[in-house]
Amino acid sequence: MRLANKVALITGASSGIGRESALLFAKEGAKIVAVDINVADGEETVKMIADSGGQATFVKADVSRAEDCEAMIAAAEDRYGALHVLFNNAGIMHSQDDNAETTEEDVWDLTMAINVKGVFFGCKYGIGALRRAGGGSIINTASFVSLLGAATPQIAYTASKGAVLSMTRELATIHARENIRVNALCPGPLRTELLMKFLNTEEKKQRRLVHIPMGRFGEAAEMAQSALFLASDEASYITGSTFSVDGGITAAYVTPE
Ligand code: NAD
């Protein structure tokens, strides 16, 4: 098993990438601390893991709140004795997020609070725990939009993911000699609720699909496989990377018909 004897904390574990990663990491032997603001679905994730013979616990936390993040890290160490993998994955894409002229300040602030400050708080409290465990792996979910601009605007979201990517590089550099690896997972457009709510018409979906060489949206389970690799010792020489898992969208200038 690729994560035997490891403890992994995953934020946003009630849905999408976070849930799929929790299920997969547990299958690979990790004990899971599933974190989310959505209690019902988070407990469902934990139940799914338990039903398939894995070990997991749910912790309710709003990643934009410092005290919640401090408590989630403490819960991992209290419950399982250590923390080896920190997957800062929770994020939002606000439905009112648009271009610079039309996006309201509160939409900007909420997006930054969850997407950027949430990653910062995860690291602020989690790095000490990884150090106490002798090192570990941090994965921060950024996005392909941290590398490319889109004409379908989501200005706060895009800026937030740019911040996650640059924060990741600096964290990786600072902590490299402590055996703490930090990588940014950059998913392409996925067939998850988050994006499908935003691309809520067939026309908007097609407008996006035309740019993806593979001609389809990605699946949360495909992101989980990539996160598993970054979490595992197989990625022992990988830190500070922009780990794009995007159907080729960031490689393409013109895509096939
Ligand atoms: P999702 O909406 O299915 O899951 C996000 C989870 O985060 C939800 O369970 C939600 O309850 C939780 N969450 C939201 N705010 C929170 C908070 N303040 N504290 C704790 N938990 C909170 O979406 P997903 O597609 O699985 O997204 C996961 C990550 O992947 C996000 O960071 C997202 O920005 C990123 N991403 C998604 C796509 C895509 O196309 N879906 C593409 C690139 C990057």
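Predicted model: local features only at pLDDT ≥ 70, side-chain atom pairs only at ≥ 80, totals over all residues.
User: Let's start with α3 and α4. How do their axes cross, and at what angle?
Analyst: The axes of α3 (residues 66-80) and α4 (residues 105-132) come within 8 Å and cross at roughly 20°.

User: Parallel or antiparallel, then?
Analyst: Roughly parallel. Angles under 35 degrees count as that, so the pair qualifies. The crossing is right-handed.

User: Which residues make the contact?
Analyst: From α3, A66, C69, E70, M72, I73 and E77. From α4, F121, G122, Y125, G126, A129 and R132.

User: How do they divide by type?
Analyst: Seven are nonpolar, two polar and three charged.

User: Now α4 and α5. What's the angle there?
Analyst: About 15°, with the axes 8 Å apart. α4 is therefore roughly parallel to α5. This crossing is right-handed.

User: Which residues meet?
Analyst: On the α4 side they include V107, W108, V119, F120 and I127. On the α5 side they include I155, Y157, V164, M167 and L171.

User: And how does that contact divide by type?
Analyst: Into 16 nonpolar, four polar and two charged residues.

User: Switching to α8. How many residues does it have, and how far does it reach?
Analyst: It covers residues 220-231, which is 12 residues. From first C-alpha to last, α8 reaches 16 Å, close to the 16 Å expected.

User: Which of its residues are buried?
Analyst: A220, M223, A224, S226, A227, L228, L230 and A231.

User: What covers them?
Analyst: The cover includes helix α1 (16-27). Strands β4 (85-88), β5 (136-141), β6 (180-187) and β7 (242-245) are also part of the cover.

Notes. Residues numbered from 1 in each chain as written. Heavy atoms only, no water. Helix = DSSP H or I, 4+ residues; strand = E, 2+ residues; numbered from the N terminus. Expected span 1.5 Å × (residues − 1). Buried < 20%, exposed > 50% of the residue type's maximum accessible area, 1.4 Å probe, protein only. Contact = heavy atoms within 4.5 Å. Axes fitted to C-alpha atoms, helices over the stretch in contact; angles between N-to-C directions. Parallel < 35°, antiparallel > 145°, perpendicular 65-115°, else oblique. Left-handed = near helix turned anticlockwise from the far one by under 90°. Nonpolar A, V, L, I, M, F, W, Y, C, P; charged D, E, K, R; others polar.
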